[in-house]
Amino acid sequence: SKDNRFQDFYSFGAAWDLSKENFMLNQSWFDQLKLKASYGVLGNQYSSIHYPAYPAYTTGSSAIFGESVVPAYVLAYRNTPNLQWETITSYEAGLEMRLFQNRFSFETAYFDKTTKDLLTFVDLGSEKFYTNAGEIGNKGFEFTASWNDKINDDFSYSISGNATTLKNNVQSVYEPGFQVFDGPSILTAGAPIGSFYGYVVEGVYQTYADVLASAPSTLGNYGPGDLKYKDINGDGKINTDDRKIIGNPTPDVMYGFSLSATYKQFSLSADFQGVYGNEIYRDWGNGSTFAQFNYRSERLDRWTGAGTSNWEPSLNDGSGYNKFASTYMIEDGSYLRLRNIQLAYDFKLGLLSKAHIQSLRLYLNAQNPITWAHNSGFTPEAGGTPISFGKDTGGYPLPAVTSIGLNVTF
């Protein structure tokens with residue numbers, strides 16, 4: 001808002017290069033050893049619209065004047081006069097080192113970031129408005145390491161990698177008990193942002209006797225061949241109170257590494273990237289579908305009678321009972337992808353000088369040739385919004401592209 005456009009933010013950092021101190025001069029292990037730390041309070045103005053303090057107008061009810069229909073315009077949401085910047089308090093501490101005549105380098109850091117006064121859009125049905133509310137914490141470790149070595153004039157190689165751990169938690173929201181639902185995703189205090197929320201599947205009802213012996217469900221019509229949801233709160237019935245956090249779309253670890261080697265005129269390089277510890281919500285090919293195509297191959301093992309399956313429900317197109325968000329739709333989102341691999345040959349300059357060629361390189365390159373994943377969809381990567389992501393809707397995967405090329409410089 002106009003009165004809160006100017007706020008004070010600051011940051012500072014410091015480093016200590018121990019390798020330049022007198023007590024490190026006679027050692028031979030470290031080529032560099034540095035400690036570093038930083039702290040800051042910064043502002044973030046991000047929101048879904050550019051000027052949340054100035055509501056736009058939207059079409060409201062219409063009125064008739066004579067023979068003319070005149071549309072009315074109303075504010076899209078209630079104006080909140082005291083909106084201010086989000087505040088991010090961040091601190092970091094780490095070290096850098098180089099060893100073995102600079103062939104090995106390593107960096108690590110611990111970070112902790114807390115975002116307060118989130119620019120939150122609150123929709124209470126009869127009332128909508130932006131406000132500063134909520135707090136989110138992110139913390140973890142970052143690691144980077146590399147090894148570069150030259151064995152002789154003909155052969156050299158390098159290995160490098162990085163990894164980041166992340167723990168995300170919504171520490172507070174608009175007010176105690178306030179929750180935001182977006183399909184299977186939930187924003188609630190005490191859980192990672194965008195967590196998956198639903199029922200826990202215990203199995204599949206095998207017979208009518210199994211149905212009668214289990215806690216009755218108020219969620220809809222069901223019978224043998226349908227999913228059996230767990231009575232989480234132990235009240236003897238299955239209803240919406242039996243939902244819980246069933247998955248986290250944010251990875252515990254994000255990592256990547258690369259390899260390269262050169263032997264005479266030949267060179268080989270490869271880049272890998274992956275994540276570990278997150279879940280994917282499979283939003284296609286589930287227990288009940290009205291489409292007669294694109295079933296998952298696992299549906300071949302569906303329930304067709306008592307004892308045939310205790311996980312894959314029957315193909316019941318007339319029922320939506322199996323489509324509630326549940327652990328049946330949760331899959332392991334961890335993956336490792338070979339992003340790029342290239343084999344090349346650089347011709348010797350002596351053979352090219354007569355043709356006035358400065359360099360000539362022949363290469364074979366492959367992008368995204370293989371992905372090691374555990375999910376049943378086309379790709380383990382799924383985008384979304386800041387509070388709803390990691391949902392696999394059957395999106396098209398990254399294409400695998402193989403090319404051969406010639407690079408000539410005159």
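Arg-296, Glu-298, Arg-299 and Glu-312 are joined in a network of salt bridges, a salt bridge being a side-chain nitrogen of Lys or Arg within 4 Å of a carboxyl oxygen of Asp or Glu. The model is a predicted one, in which local features need pLDDT of at least 70 and side-chain atom pairs count only at pLDDT 80 or more, whereas totals for chains, interfaces and linings use all residues. Residues are numbered from 1 along each chain as its sequence is written, and side-chain values use heavy atoms, with hydrogens and water left out.

Over the whole structure, the search finds 13 salt bridges. One of them brings together the side chains of Glu-96 and Lys-36, with an N to O distance of 3.0 Å. This pair links distant parts of the chain, since Glu-96 lies in strand S5 (residues 86–99) and Lys-36 in strand S2 (residues 30–44), 60 residues apart; helices (H or I, at least four residues) and strands (E, at least two) are DSSP runs, numbered from the N terminus. Glu-96 counts as buried because its relative accessibility is 17%, while Lys-36, at 24%, counts as partly exposed; here buried means under 20% relative accessible area, exposed means over 50%, and partly exposed lies in between, with a 1.4 Å probe and protein chains only.

A salt bridge also forms between Arg-78 and Glu-127, whose closest N and O atoms are 2.3 Å apart. Here it is two loops that are linked across distant parts of the chain: Arg-78 sits in the loop between strand S4 (68–75) and S5, and Glu-127 in the loop between strand S7 (119–123) and strand S8 (128–132), 49 residues apart. Arg-78 is partly exposed at 39% relative accessibility, and Glu-127 is partly exposed with a relative accessible area of 29%.

In the salt bridge of Asp-210 with Lys-228, the closest N and O atoms are 3.1 Å apart. This pair connects helix H1 (residues 208–213), which holds Asp-210, with strand S16 (residues 227–229), which holds Lys-228, the two residues being 18 residues apart. Both Asp-210 and Lys-228 are buried.

Strands of a sheet pair through backbone hydrogen bonds, either parallel or antiparallel. Strand S20 (residues 279–282) and S26 run parallel and are joined by two bridges, and Tyr-281 stands opposite Lys-391 in S26.

Definitions and conventions: Pairing = 2+ DSSP bridges.
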